[in-house]
Amino acid sequence: MKTAALRVLVIDENRIRASIIEAGLREAGHEDVTLVHDVAGIGRRIAETNPDVIVIDLENPNRDMLENMFQLSRAVKRPIAMFVDRSDSASIEAAVDAGVSAYVVDGLKRERVKPILDMAVSRFNAFSRLSRELEEARSELEDRKVIDRAKGILMKSRGIAEAEAYGLMRKAAMNQNRKLSEIAQSLVTAAGLLGDDA
C-alpha cells in the first residue's frame, strides 16, 4: 500500500541535519516539505503551512526547549516525530504525555525517516481513534445518567413505572425530533427550576 504524499513541516535549527531529513522525506515521495530553521514564531508558521505531519529535530535540547516543543505538540493535534541526540527517562515520559507520536533518540539517518514518519502517523491515528472512543463513551455515560435521573423525576411526579416514564420521554423525543438525552436534560433542568428534582 502506497502512502499518500503528506505536507511535512521540518523544524530544525541545524541546516545540515534538516537536509538529511528532507532527503529522506523526498525519497519517500513527500514533495511538499517545508523547512523551518528558527523556532521563534513557530505557531504562526504551523498555521501558515498547515502540515499533515511535523518533524522536529533537536540536536542537544535543553529542558526549556523540550518543554516548549512538548507544549507545541499538545496544541497542534497533529502527528509529531521528534529526533533528539540524547535523552533521559523523564524527557521520554514527557514526550509521551505531550502526545509526541515518535520520539527517536540518536537515530537520525536518511533511510529511517520514512518508517519513523509512517509510524508517527499510525500511532497518532490510533491515539486519536482511542481518544474519540473514550469521549463517546463518556458522553454516553453522561447521557445515561441524565436519562435515568429524568425517568426518576417522571416516576415520582406522575406515579408511573420506569418503562412508562422511558416511553413518555422517547415519544417526546420522536415528536420533537430531538435526542432522548436532550429531552431528559430539559426535564431535569425544569424540575430543578421548579424544585421537583428527584
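Helices here are DSSP runs of H or I with at least four residues, strands are runs of E with at least two, and both are numbered from the N terminus. You're looking at a predicted model, in which local features need pLDDT of at least 70, side-chain atom pairs count only at pLDDT 80 or more, and totals for chains, interfaces and linings use all residues. Residues are numbered from 1 along each chain as its sequence is written, and side-chain values use heavy atoms, with hydrogens and water left out.

**Stop 1: the core**

Start inside. Select Ile54, Ile56, Phe70, Leu72, Met82 and Tyr103: these have the most contacts within the largest nonpolar core, which has 20 residues. Such a core is a set of buried Ala, Val, Leu, Ile, Met, Phe, Trp, Tyr and Cys residues joined through side-chain atoms within 4.5 Å. "Buried" means under 20% relative accessible area, "exposed" means over 50%, and "partly exposed" is in between (1.4 Å probe, protein chains only).

Now colour the elements that each supply at least two residues of this core: β1 (8-12), α2 (42-49), β3 (53-58), α3 (63-76), β4 (80-84) and α4 (89-98). Which of them gives the largest share of this core? That's α3, with 5 residues.

**Stop 2**

Next, select Arg17 and Asp57. They form a salt bridge, and the closest N and O atoms are 2.6 Å apart. The term stands for a side-chain nitrogen of Lys or Arg within 4 Å of a carboxyl oxygen of Asp or Glu. This pair links distant parts of the chain, as Arg17 is in helix α1 (residues 15-27) and Asp57 is in strand β3, 40 residues apart. Buried or exposed? Arg17 is buried, at 12% relative accessible area, and Asp57 counts as buried too, at 3%. A search of the whole structure turns up 12 salt bridges, so let's see a few others. Side chains of opposite charge can pair when their charged atoms come close.

**Stop 3: along α5**

Zoom to helix α5, residues 113-158. Pick Lys114 and Asp118, whose side chains meet in a salt bridge (2.6 Å, N to O). They are separated by about one helical turn because they sit 4 residues apart in helix α5. Lys114 is partly exposed, at 31% relative accessibility, and Asp118 is partly exposed, at 23%.

Slide along to Asp148 and Arg144, where another salt bridge has an N to O distance of 3.8 Å. These two are also 4 residues apart in helix α5, so about one helical turn separates them. Both fall in the partly exposed class: Asp148 at 36% relative accessibility and Arg144 at 38%.

**Stop 4**

Patches are made of residues with over 30% relative accessible area and no salt bridge, with like charges joined within 9 Å and nonpolar side chains (Val, Leu, Ile, Met, Phe, Trp, Tyr) within 5 Å. Glu140 lies in helix α5 and is exposed, with a relative accessible area of 56%.

For a nonpolar patch, pick Ile92, Val96 and Val105, which make one of about 230 Å². The areas come from the Shrake-Rupley method with a 1.4 Å probe, and for residues only the protein chains shown count as cover. Val96 belongs to helix α4 and is exposed, at 52% relative accessible area.

**Stop 5: two positive phi angles**

Most residues other than glycine have a negative phi, and most peptide bonds are trans. Now click Lys77, in the loop between α3 and β4: its phi is positive, near 55°. Lys77 is exposed, with a relative accessible area of 63%.

Then jump to Asn177, in the loop between α6 (162-176) and α7. Asn177 has a positive phi near 55° and is exposed, at 73% relative accessible area.

Finish on Thr189, in helix α7 (residues 180-194), which is partly exposed at 41% relative accessible area. How far apart in space are Thr189 and Ser19? Draw the line from C-alpha to C-alpha: 60 Å, for two residues 170 apart in sequence.
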